[in-house]
Each structure stands twice: as structure tokens, then as C-alpha cells.
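Subject: Structure handover

Hello,

I am passing this structure on to you.

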Amino acid sequence: MTASDPRPSGPAEGTQPEEADRLRALLRSPGYLKALVFCALMGIPVSLVAFWFLVSLHELEHLMWAGLPEALGWDAPPWWWPLPLLLVAGVGVGLVVTHLPGAGGHIPAGGLHTGGSPARALPGVILAALISLPLGATLGPEAPLIALGGGLALLFRDLARVPATAQSTALLGAAGAAAAVAVIFGSPLVAGVLLIEVAGVGGPQLFAVMLPALLSSGVGSLVFTGFGRWTGLDAPSLAVKVGVPTPHLDAGDVLWTIPMAVLIGALLHLIMRGGRLTAQFVAKRPVARTTLCALAAGVCSAVYALTTGLSPADVSSSGQGTLSRMAADPHAWSVGALIALVLCTSVAYALCLGSLRGGPVFPSLFLGCALGVLLAPLPGLGVVPGMAAGMAAATTSALRLPVSSIVLVVLVLGSVAMTPVVILAAVVGFVTTQLLPPEPAVPSVGKTAEPPAARALAHGASGSA
């Protein structure tokens with residue numbers, strides 16, 4: 001660029017028209033239009049399977065933590081209740097990892113992954129989740145749902161005899177994953193944005209993979225919601241009702257958000273690092289060491305219950321139920337109980353990230369909310385801004401997906417009033433984790449690994465058509 005000719009020159013010139021032409025040609029191609037129709041139809045059975053999967057998790061968790069203790073004469077689970085449950089979970093997951101294809105799915109400490117598991121790996125993914133989550137793993141259901149939705153999409157592709165390519169695997173895996181996770185996050189929009197960041201693609205490839213994912217997740221959300229009404233059964237979604245008035249943001253809220261986000265980002269970095277170190281420890285002897293780590297997570301829950309007199313389920317769960325109760329009545333926990341909750345949940349979370357099977361989203365949201373409530377008494381900081389900033393910083397630091405985390409927290413809160421502190425906390429938390437030393441690698445497990453979506457899409461998502 002020169003003063004006499006301000007127009008850009010070189011290879012970049014004409015890039016935008018070329019990109020637009022490529023996208024237009026892709027959207028007009030019969031093969032891609034067929035892929036869109038296929039993804040819309042596929043969203044129906046995938047969402048139905050996801051519905052029953054979530055209902056099963058919910059019912060089993062209620063049985064383990066409410067029905068069974070009541071049948072034995074306790075109003076609430078005793079302090080030692082997590083120990084036998086997590087002992088069983090550790091042994092069961094260790095056996096799944098050792099003996100079933102796919103090793104029960106991704107290690108949660110490695111974050112979220114798009115793409116579908118091969119059909120022969122799906123039983124292990126489902127079984128590991130059904131063993132881990134209802135029995136007290138400090139993990140959420142989103143990672144097994146992504147694996148289940150993507151795997152079912154690939155299974156339907158094979159049944160329909162659609163040609164299997166790296167591009168079709170990436171595109172259909174993302175679409176199936178979006179259909180499965182749409183409602184658990186409260187909106188298909190979150191599923192779409194999440195898949196954008198997890199896949200890590202751009203340009204025409206971004207639109208190519210996201211149109212099927214958005215279409216499939218939208219259809220899945222409609223089927224999921226309507227099917228719940230027809231059956232009368234409830235599959236939980238991630239949404240909370242804040243029980244205190246939402247204030248107007250002021251300078252104190254904004255100023256406190258920055259050090260809060262730095263602190264929370266550093267804490268979540270340590271937790272994720274601990275999860276990866278746990279995964280390396282477990283990889284050498286899966287059954288024995290998975291059992292040991294799961295039992296140690298149970299000890300964290302027992303210590304919390306002994307020191308606070310509260311239910312061990314506050315720690316031995318995804319945190320979704322406790323998050324809803326905390327948002328509805330943030331003053332119900334004393335400062336001591338909040339400190340114990342944060343410390344015990346952090347350790348249990350790190351142990352479960354590297355040993356059991358589940359997802360990292362729900363516990364990070366819960367930890368962020370608890371830290372926000374704990375720090376809310378700081379002068380000039382409100383409870384609602386503290387919760388909003390805490391959830392945004394924690395989720396972004398755990399997932400390293402800032403846009404998805406911002407959208408998720410805003411939708412969970414059900415209001416855009418806290419959006420400025422949510423964005424600020426997410427950015428500061430993300431930058432903090434990026435400046436800290438890198439975390440160790442997660443060991444590879446199992447014999448079946450799907451190709452990464454970003455790598456496949458980089459070669460042209462149009463090939464999926």
C-alpha cells in the first residue's frame with residue numbers, strides 16, 4: 001500500500017469475492033442441499049435418543065442420591081454415601097476403558113471434541129457415562145452427549161449408505177453433536193456457537209459445517225421439548241432463576257470483575273492441569289488408578305459434608321442442581337460453607353476430569369457461581385454481577401471457548417443486563433489462562449479415535465456433499 005495507491009495489493013486482492021463465490025456455489029450444489037435435508041431428518045432420532053439418555057441419567061441420579069437413602073431411612077445422604085458409589089464408579093469406568101472399544105469416550109480433561117465416535121464405541125461411551133454421572137462424578141453430561149450425537153449421525157450415514165469421507169465425518173459429526181446438546185444448554189444457539197469454536201474452522205468451511213449443525217440442533221430442540229411434554233418426563237436443562245433483584249451495573253462491579261477473572265482463571269488453570277496430570281497417572285494402570293481417583297473424589301465430598309453438615313451431593317454431582325439452588329438463594333450458604341464447597345469441588349473436579357467420563361462445562365459454571373457468591377461481599381460488588389462474572393471467567397478458563405462461554409452464561413442468567421461484566425470476565429479469564437504455562441498433554445486412550453473436525457474441514461467441507 002502506497003500513498004498514491006491506497007488499495008491493497010498482492011494475493012489477498014479478490015479474496016472476499018472468491019470466498020463469496022465459493023460459498024454461493026456450495027449452497028447451490030445438490031449434494032450439499034441433500035446434506036442439509038439429511039441433517040434435519042437426522043436431528044429427530046438423535047434428539048429422541050438424547051432425551052432418553054438424559055432422562056435415564058436424571059432418574060438414576062435421583063435414585064442414587066434421594067430414593068435409595070430415603071428407602072434406607074435417611075432424609076438426606078449421609079456423609080459417607082459418596083464413598084461406595086464412587087468406588088463402584090471407578091471400578092466400572094476402569095473396566096470400560098480397558099475392555100470396550102473407544103475407552104468410554106474422551107478424557108474430560110482434554111476438553112470438548114466434535115466429530116462422532118464409531119458405532120462400536122457408542123456402547124462404551126454410554127456405559128461409562130451411566131456409571132460415572134449418577135454415581136457422583138463431578139462432571140456434566142455434555143461430552144457424552146456430543147459423542148453420542150456425533151456417533152449416531154455417523155451410524156445413520158452408514159445405514160443410509162452415504163459415502164464416508166473425512167469431510168462427511170466432520171460435518172455430520174458436528175451436526176449430530178449439535179442436535180444432542182442443543183437443549184441441555186437451554187438453546188440451540190449455544191450448541192451452534194459451541195460447535196463453531198470447538199471445530200475451529202473459518203471461511204466457507206465455517207458456514208458449511210454450521211448450517212447443518214444449526215438446522216439439526218433447531219429440529220432437535222423442537223423434538224426434545226415437545227417430546228418431554230408428551231411423555232410427562234423431565235430431562236434437565238441448564239437454566240437458572242436468580243432469586244435476588246438484578247441491579248444496575250456500576251463502577252465497582254466492573255472494577256472488581258478484572259481481579260476476580262484473573263483469580264478464577266488461575267484457579268481453573270490449576271484444576272485443568274490437575275485433571276491432565278490425573279489422566280497421565282491413570283493411563284498406566286486404568287482399573288486400579290481410576291478406582292483410586294474416584295474414591296479420592298468421594299473423600300472430598302465426604303469431607304465437605306462432615307465440615308459443613310450439608311449434603312455430599314453438592315460436590316458429587318455436575319453442580320447443575322446446586323447451581324440452581326444457589327442462584328435462587330445465594331445467601332443460604334455461609335462463608336465457611338462456600339470456602340469448603342469451592343475447595344472440595346475443585347479437587348474432586350480435577351480428579352474426575354482425568355479418571356471418569358463426562359463433561360467439563362457444568363462444574364466450571366457451578367464453581368464460578370460459588371466463587372462469585374463468595375466474593376460478592378467485597379465493597380462495591382453485587383451478588384448478581386459476582387455470579388455472572390464468576391461463571392463467565394470459570395467457563396472460559398476451563399473450555400478456552402470465550403464466545404461460547406459468553407453466550408452460555410447470558411442465556412443461563414436469562415437476562416442481558418450483566419452482559420458487560422460477562423464479556424469482560426470472559427476475556428480477562430481467557431487471557432489469563434493463555435499467559436500461564438501450558439498444561440501437560442492428555443494421554444491417548446482406546447483404539448478408536450475420530451479425525452478432528454478442524455483438520456478434516458480444513459481440506460474443504462464441501463467434500464461432504
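Below is what was found, from the whole chain down to single residues.

**The chain as a whole**

Please keep in mind that this is a predicted model. The chain has 465 residues, and 54% of them count as buried. Its secondary structure comes to 17 helices and 0 strands. Among contacts with a separation of 6 or more, 83% are between residues 24 or more positions apart.

**A nonpolar patch on the surface**

Eight names to look up here: L60, L63, L68, L72, W74, W79, W80 and L306. Together they form a nonpolar patch on the surface, with about 720 Å² of accessible area. Which helix gives the most to this patch? It is helix α2, residues 30-71, with 3 residues. L72 sits in the loop between α2 and α3, the latter spanning 82-99. L72 has 52% relative accessibility, and the cut-off for exposed is over 50%, so L72 counts as exposed.

**Helix α5**

Next, helix α5, which covers residues 142-159. It has 18 residues. From its first C-alpha to its last it reaches 25 Å, close to the 26 Å expected at 1.5 Å a residue. Is α5 largely enclosed or largely open? It is largely enclosed by the rest of the structure, because 13 of its 18 residues are buried. G151 belongs to this helix. At 0% relative accessibility, G151 counts as buried. In sequence, G151 and T169 are 18 residues apart. In space, their C-alpha atoms are 9.5 Å apart. Just after α5, R161 takes a positive phi of about 60°.

**D253 in helix α9**

Helix α9 spans residues 251-284, and D253 is found in it. Is D253 buried or exposed? Its relative accessibility is 3%, so D253 counts as buried. The side chain of D253 reaches the backbone nitrogen of G382 at 3.0 Å. Leaving aside residues up to four places away in sequence, D253 touches H248, G380, L381, G382, P385 and V421.

**Salt bridges**

Side chains of opposite charge can pair when their charged atoms come close. How many salt bridges does a search of the whole structure find? The search finds 4.

R276 has 17% relative accessibility, so it counts as buried. E439 is buried as well, with a relative accessible area of 18%.

E439 also meets R400 in a salt bridge, at 2.6 Å from N to O. R400 lies in the loop between α14 (383-399) and α15 (402-413), and the pair is 39 residues apart. R400 is partly exposed, with a relative accessible area of 23%. R325 lies in helix α11 (residues 320-328) and D314 in the loop between α10 (286-308) and α11, so the pair ties together parts that are 11 residues apart in sequence. R325 counts as partly exposed, at 43% relative accessibility. D314 counts as buried, at 4% relative accessibility.

Best wishes

Notes:
Residues numbered from 1 in each chain as written. Predicted model: local features only at pLDDT ≥ 70, side-chain atom pairs only at ≥ 80, totals over all residues. Heavy atoms only, no water. Helix = DSSP H or I, 4+ residues; strand = E, 2+ residues; numbered from the N terminus. Expected span 1.5 Å × (residues − 1). Buried < 20%, exposed > 50% of the residue type's maximum accessible area, 1.4 Å probe, protein only. Contact = heavy atoms within 4.5 Å. Patch = residues over 30% accessible without salt bridge, like charges linked within 9 Å, V, L, I, M, F, W, Y side chains within 5 Å. Areas by Shrake-Rupley, 256 points an atom, 1.4 Å probe, with all protein chains shown as cover. Salt bridge = Lys/Arg side-chain N within 4 Å of Asp/Glu carboxyl O. Polar contact = N/O pair within 3.5 Å; in protein donor to acceptor, adjacent residues only side chain to side chain.
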